[in-house]
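Subject: Structure for you to look at

Hi,

Here is the structure I promised to pass on. Have a look at it first, and then read on for what I found.

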Amino acid sequence: METTRRSWAGTALEERRRVRREALLTAGIQLLGAVDRAASNVRAVCRAAGLTERYFYESFGDRDTFVRAVYDEVGDRARDALVTAVAGAPAESRADAAVRAFVELMVDEPAMGRVLLLAPLREPAIGTSGVELAPAFVTLVQQQLTMIPDPEKRQMVAVGVVGALTSLFMGYLDGTVTVPRETLVQHCVSLVEHAGRA
């Protein structure tokens with residue numbers, strides 16, 4: 001009887017909730033990351049996800065909680081992509097692998113990039129989330145700067161690199177940096193490699 005109550009059409013209740021939550025997050029990425037800053041109220045999100053508001057509140061207490069969850073989802077994907085890229089690349093090509101992984105996620109899927117880099121500027125609900133996420137990216141860069149023996153200098157270089165890359169990608173996404181994709185990639189790779197030799 002318990003199994004019958006918790007399963008419908010062969011899908012467990014928890015799995016259906018997970019699928020609905022993922023659909024809402026996907027809709028949130030597209031709406032929060034839209035060029036025209038499309039409406040991202042609860043009704044618009046539900047419409048984009050093909051769900052009723054009842055299912056929105058099944059996963060999220062309110063819009064602010066939802067916006068933070070969308071931001072965290074994108075941040076986690078970006079961090080995972082960088083970790084995977086670096087782990088699978090030989091030492092001499094780690095900078096290239098990391099930059100290309102980030103470009104594939106943030107530039108080739110611009111809604112993701114706009115959520116991570118531009119939404120914090122216009123979404124009060126995200127607040128300091130961007131600031132809180134930055135140290136994770138600084139740590140990833142810092143771990144690759146093994147040619148800099150002084151840990152304090154290594155940290156400062158890593159902070160500078162993350163700041164520079166963030167500004168470059170923000171400019172590319174908002175249209176103030178207008179260069180071919182590969183030019184952006186090569187410039188970012190060069191920036192990271194030169195930092196490692198600083």
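Let me start with a helix pair. Helix H5 (residues 63-87) packs against helix H8 (residues 129-144) with their axes 11 Å apart and an angle of about 0°. H5 is therefore roughly parallel to H8 (angles under 35 degrees count as roughly parallel, over 145 as roughly antiparallel, 65 to 115 as roughly perpendicular and the rest as oblique). On the H5 side the contact is made by Tyr71, Gly75, Ala78, Arg79, Leu82, Val83 and Val86, and on the H8 side by Ser129, Gly130, Leu133, Ala136, Phe137, Leu140 and Gln144. Contact here means heavy atoms within 4.5 Å. The axes are lines fitted to C-alpha atoms, for helices over the stretch in contact, and the angles run from 0 to 180 degrees between N-to-C directions.

Before going further, a word on conventions. This is a predicted model, where local features need pLDDT of at least 70 and side-chain atom pairs count only at pLDDT 80 or more, while totals for chains, interfaces and linings use all residues. Residues are numbered from 1 along each chain as its sequence is written, and side-chain values use heavy atoms, with hydrogens and water left out.

Now the chain as a whole. The protein chain has 10 helices and two strands, in the order α-β-β-α-α-α-α-α-α-α-α-α along the sequence. Helices (H or I, at least four residues) and strands (E, at least two) are DSSP runs, numbered from the N terminus. Its C-alpha atoms fill a box of roughly 65 × 40 × 30 Å along the principal axes. Of the 198 residues in the protein chain, 40% are buried (under 20% relative accessible area; exposed is over 50%, partly exposed in between, with a 1.4 Å probe and protein chains only). Among contacts with a separation of 6 or more, 63% are between residues 24 or more positions apart.

From H9, Val157, Val161, Ala164, Leu165, Leu168, Phe169 and Tyr172 meet Arg181, Leu184, His187, Cys188, Leu191, Val192 and Ala195 of H10. The loop between helix H9 (151-174) and helix H10 (181-196) holds proline 180. Proline 180 counts as exposed because its relative accessibility is 53%.

Which residues does valine 99 contact, leaving aside its neighbours within four places in sequence? They are Val185, Cys188, Val189 and Val192. Valine 99 is in helix H6 and counts as buried, at 6% relative accessibility. Valine 99 and alanine 39 are 60 residues apart in sequence, and their C-alpha atoms are 31 Å apart in space.

Alanine 101 is also worth a click. This residue is found in helix H6 (residues 94-106) and counts as buried, at 12% relative accessibility. Not counting residues up to four places away in sequence, alanine 101 touches Ala81 and Ala85. Between alanine 101 and glycine 61, 40 residues apart along the chain, the C-alpha atoms are separated by 33 Å.

Enjoy exploring it!

Best wishes
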